[in-house]
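Please look through the sequence and the structure below.

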Amino acid sequence: MKITTDDVEKIAHLARLEVDDTRKEKMAEQISRILQYIDTLKEADVEGVNLLSDAAFQTNVMREDETGTPCGPDITLANAPERDEDFYVVPNVVK
Amino acid sequence: MELYELSLEQASDLMKKGEITSVELTRALLDRIGRYDDQIRAFITVDEANALEQARQADERLAQGNAPAGCGIPIALKDLICTQGVKTTCGSKILENFIPQYDATVVSKLRDAGAVMIGKLNMDEFAMGSSNENSAFFQTRNPWNTAHVPGGSSGGSAAAVASRFCSAALGSDTGGSIRQPGSHCGVVGLKPTYGRVSRFGLVSYASSLDQIGPITRNVKDAAIMMNMICGHDPKDSTSAKVDAPDFTTALGEYDTHGLKGMTIGIPREYFEVEGIDPDVASTFEQAKHVLEDLGARVIDISLPHAKYVVAAYYIIAPCEASANLARFDGVRYGLRDTSSNDLIDMYRQTKSKGFGQEVQNRIIIGTYALSAGYYDAYYGRASKVRTLIMGDFNSAFESCDVVLSPVAPTPAFKLGENTDDPLTMYLSDIFTLSANMAGIPGISVPAGFSSNRLPIGVQLMARRFDEMSLLRAGYGLEKTMALGPAFPTL
């Protein structure tokens, strides 16, 4: 599969990445080569094979529904780039 | 013998006998780091003050008697294992100033045992890479020859152990990131079974493949480290409810029985891999003969889907990474770019300035493979191929106990040799990716040197939760294959 610089821009937007024009071409070329290699998967016969999402466990893991001690806002927000009391601050969402 | 030359086991014994103290050993290692880490650059953070305080506390425990194995032992951690109050960067600008508010479960376990946390080690950014060239900060060098890479992504961990900067280290292995640098630096690297060691507090790269494990000076030290870090953890839902044995008994098993009764499988598909260095091939052959001489039966096995491993991995891992790394958005922790007043633009600028090129490449590949219309063709197909790879190993382990293979196709390459070609770098992971894909344990044990004096390891893989066979066979290899000077001159 070959991807173009337009594809890179579209996917970058989905991933919330900003790719500048100077890098777009190199990225498209490197990723195309990787995806071309990945196309060898098409040769594998996967007819009727189960899809595994997890290497180890197929069972769901439950725990007791018990109240724990929350760590509180000071610990939770300790690494916030910007906070206002007990809230994270982000740029305006509604203009 | 200098203090820094002591293995974990030797140091632990001498501390229990009261012949050395943890403070003395910690001081000796800190001095060695101070003297030589300028050349190697293994450490992102050296935590001298806390380490010496922990060493003093360990000495008090040791003086009271009944201290557990590992008490007072200086251990360094790959910088993606969270340490409360100590910077944890993941080798990335986006977490350059991140200070975790809690300890990873492995760190709590080490603290409970009285281990000394001496510092945090360099790595490829978010564990994506095989050479440490993807660290956002600086390049760690191979202590055997500083013109060469230490391997990756736990390159700082392997280089630090080989340089005798710490008694042992923890790394993480998503596709070979413990075993490959172990091999390149001439130290032991063990990737436990998926679920054997808690991942709580390990910054996630690809959650279904990531596993924490020890990098040590010898096999016995790896067994002691396993005793310290294994066990079920309710904080990690993928942590296995399986009792951990005393891993050091595997070595006694070897001392009593050698490798009698053990069957070693050699996958015939691995001989079809192109570009295997002749020194790697001859070391592998030697290891095979040694295992045979020690009483193991060596047989030919087949892993029919081995040729798809690299392609399947480089879909599954980037898909998981693209989801895991979405959390670094400049809101809750890490870098925030403040040049924009628009929320979406803030996300974009933060991620693009915070993540390096390889991380961005993998996010793009993962996002693409998971986007509408492509899921079945990429992630779905790769996951089915993964099922086939697991099936290959299940069949192989019906006729053998341990699979022997090289670790990497070549010894450590030179800095800069592969940086412009990510695909070549990916292909060099061919021998190590399978263990992660199948969730089985794998160990890399030093087995020889190249003609230009770079270490070469061999890999052993076993059934899920059978690290004991790896330690037993690995111990046999280590005892029999004379390697000359066991650590590099700095």
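In what order do the eleven strands of the open sheet in chain B lie? The order is E1-E3-E2-E4-E6-E5-E10-E11-E9-E7-E8, and the pairing is mixed. Strands here are DSSP runs (E, at least two residues), helices are DSSP runs of H or I with at least four residues, and both are numbered from the N terminus. Two strands pair if DSSP finds at least two bridges between them. Strand E1 (43–46) and strand E8 (297–301) of chain B each have a single partner strand, so one side of each lacks a neighbour in the sheet. On average, neighbouring strands of this sheet are turned by 30 degrees against each other, direction ignored; the axes behind this angle are lines fitted to C-alpha atoms.

This is a predicted model, in which local features need pLDDT of at least 70 and side-chain atom pairs count only at pLDDT 80 or more, while totals for chains, interfaces and linings use all residues. Residues are numbered from 1 along each chain as its sequence is written, chains are lettered from A and ligands numbered from 1 in the order in which they are written, and side-chain values use heavy atoms, with hydrogens and water left out.

Within the sheet, strand E4 (residues 168–172) and strand E6 (residues 212–216) of chain B run antiparallel and are joined by five bridges. B:Gly171 stands opposite B:Gly213 in E6(B).

Two backbone details come next. Most residues other than glycine have a negative phi, and most peptide bonds are trans. B:Arg41 has a positive phi, near 60 degrees, and lies in the loop between helix H2 (22–40) and E1 of chain B. The peptide bond between B:Gly152 and B:Ser153 is cis, with omega about 5 degrees. B:Ser153 is in the loop between strand E3 (116–121) and helix H5 (155–162) of chain B.

Now to the interface. Chain B contributes 67 residues and chain A 52 residues to the contact (heavy atoms within 4.5 Å). Together the two chains bury about 5,400 Å², 66% of it on carbon and sulfur atoms; buried area is the accessible area (1.4 Å probe) lost on putting two parts together, summed over both. In chain B, B:Arg348, B:Ile364 and B:Arg381 lose the most area to chain A, together 12% of what that side buries.

Two salt bridges cross the interface (a side-chain nitrogen of Lys or Arg within 4 Å of a carboxyl oxygen of Asp or Glu). B:Arg336 and A:Glu82 form a salt bridge at 3.3 Å, N to O. Of the residues of chain B that touch chain A, H13(B) supplies the largest share, eleven residues.

Key:
Axes are lines fitted to C-alpha atoms, for helices over the stretch in contact, and angles run from 0 to 180 degrees between N-to-C directions.
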